[in-house]
Amino acid sequence: MVQMAIKLQNVRKLRRNKTLGPLNLNLPAGYITALVGQNGSGKSTLLQMLLQLNYPDEGNIVWYESKYVNELPIELRQSIAYVPEISQKEEDQWTAEHAAAFRSHWYPDWDKRYFEELLEKFEMPRNIQLRKVSKGERRKFEIAAALAGRPRLLILDEPSSGLDPFSWKIMLEALRHYMDETNATIIMSSHNVEEVRRLADYIVLIHQGQLMGMADKDSLFGSWSEVWVHAAVEEELAELAAELPGAIQFAMETPGVASFKVQQFHSLEKRIQDLGVKVIKSRSLELDEILGLWTQGHRPVLIDQKRGD
């Protein structure tokens, strides 16, 4: 049975303009879960609640099968690393080396060699105060320092923010390598769909403070298709729509050609042909398009949160 790194049980957070939740989620240990959603949906607030930087107004959060009424025990805190979207001002006056030396006192498994290796890969400038480096260079330090602590749980808020394409690829490789050699858990929020596509095992969608569900990322690929068919007139297209209740966005593209979107097209193709409709072509929707439909309420196959599998 898969252990859960985090469980959220009826968690709600009251905010000025909207309420986040209720959230019922089981986030499995040893995997990468990506939180996606529009700005202001509540992703960062959720991450802060996992760190007790913010507290839910209702509900409970469970860490590795344990519920803590007060603060997290120091042993658990020392096994968690966090990369916030906005850099910590407390480290502004320090160089990367000084900031790392300070952090090393907190993490008992601090790996200095690994930290230096990552800085070299990132081509991070040395002996410069962190407030004087670029946003991308600051991000390089933060990713390297987070991984050097050898965390059991790594929480990343927009990890690629400010990174150039070269450094972004190094970050992806570093995160993949760390996951391969440890049984760590990564929970990340990201607006970068390509980053989610390459890294995530699971995707959690939050929209306007509401949990839209959790899905296995790989199950999303090929789940939705756009299909083009021959249709002489609007009435013919309407007849097809009536036969395919799960299909959406029917439209006449050009004279004689119509399109629509549908889930699991492969299981419907023969039915469409049996109706005497000629399929011209089809394509699988990209991840960003699938997420867009999900936001509109067209849900993919979701993970049963009660079972957590």
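Ala, Val, Leu, Ile, Met, Phe, Trp, Tyr, Cys and Pro count here as nonpolar, Asp, Glu, Lys and Arg as charged, and the others, Gly among them, as polar. With that scheme, the lining of the second largest pocket has six nonpolar, eight polar and no charged residues. The model behind these values is predicted.

**Domains**

The protein divides into domain 1 (4–220) and domain 2 (224–284). Their C-alpha centres lie 42 Å apart.

Six strands form an open sheet. The order is S6-S7-S8-S3-S9-S10, and the pairing is mixed. S6 and strand S10 (210–216) are the edge strands, each pairing on one side only. Neighbouring strands of this sheet are turned by 15 degrees against each other on average, direction ignored.

Take one pair. Strand S7 (residues 153–157) and strand S8 (residues 185–189) run in the parallel sense and pair over five bridges. Within that pair, Leu 154 stands opposite Ile 186 in S8. In general, strands of a sheet pair through backbone hydrogen bonds, either parallel or antiparallel.

The largest pocket has a volume of about 740 Å³. It is lined by 24 residues, and the closest to its centre are Tyr 82, Gln 88, Arg 103, Trp 106 and Tyr 107. Strand S6 (80–83), helix H3 (96–104) and helix H5 (135–148) each give two or more residues to this lining. S6 supplies the largest share, three residues. S6 is thus both an edge strand of the sheet and a contributor to this pocket.

The second largest pocket holds about 200 Å³ of space. Of its 14 lining residues, Val 36, Gly 37, Gln 38, Leu 205 and Leu 291 lie nearest the centre. Helix H7 (193–199), strand S9 (202–207) and helix H11 (287–295) each supply at least two lining residues. S9 also belongs to the six-stranded sheet.

| Pocket | Nonpolar | Polar | Charged |
|---|---|---|---|
| Second largest pocket | six residues | eight residues | no residues |

Which pocket lining has no charged residues? The lining of the second largest pocket has none.

Methods: Residues are numbered from 1 along each chain as its sequence is written. This is a predicted model: local features need pLDDT of at least 70, side-chain atom pairs count only at pLDDT 80 or more; totals for chains, interfaces and linings use all residues. Side-chain values use heavy atoms; hydrogens and water are left out. Domain bounds come from an automatic or database domain assignment. On a 1 Å grid over the protein atoms alone, a cavity is a set of points where a 1.4 Å probe fits but cannot get out, and a pocket is an open set with protein on both sides within 12 Å along at least five of seven lines; lining residues have an atom within 4 Å of a point. Grid points are joined across faces, edges and corners, and a volume is the space filled by probe spheres set on the points. Helices (H or I, at least four residues) and strands (E, at least two) are DSSP runs, numbered from the N terminus. Two strands pair if DSSP finds at least two bridges between them. Axes are lines fitted to C-alpha atoms, for helices over the stretch in contact, and angles run from 0 to 180 degrees between N-to-C directions.
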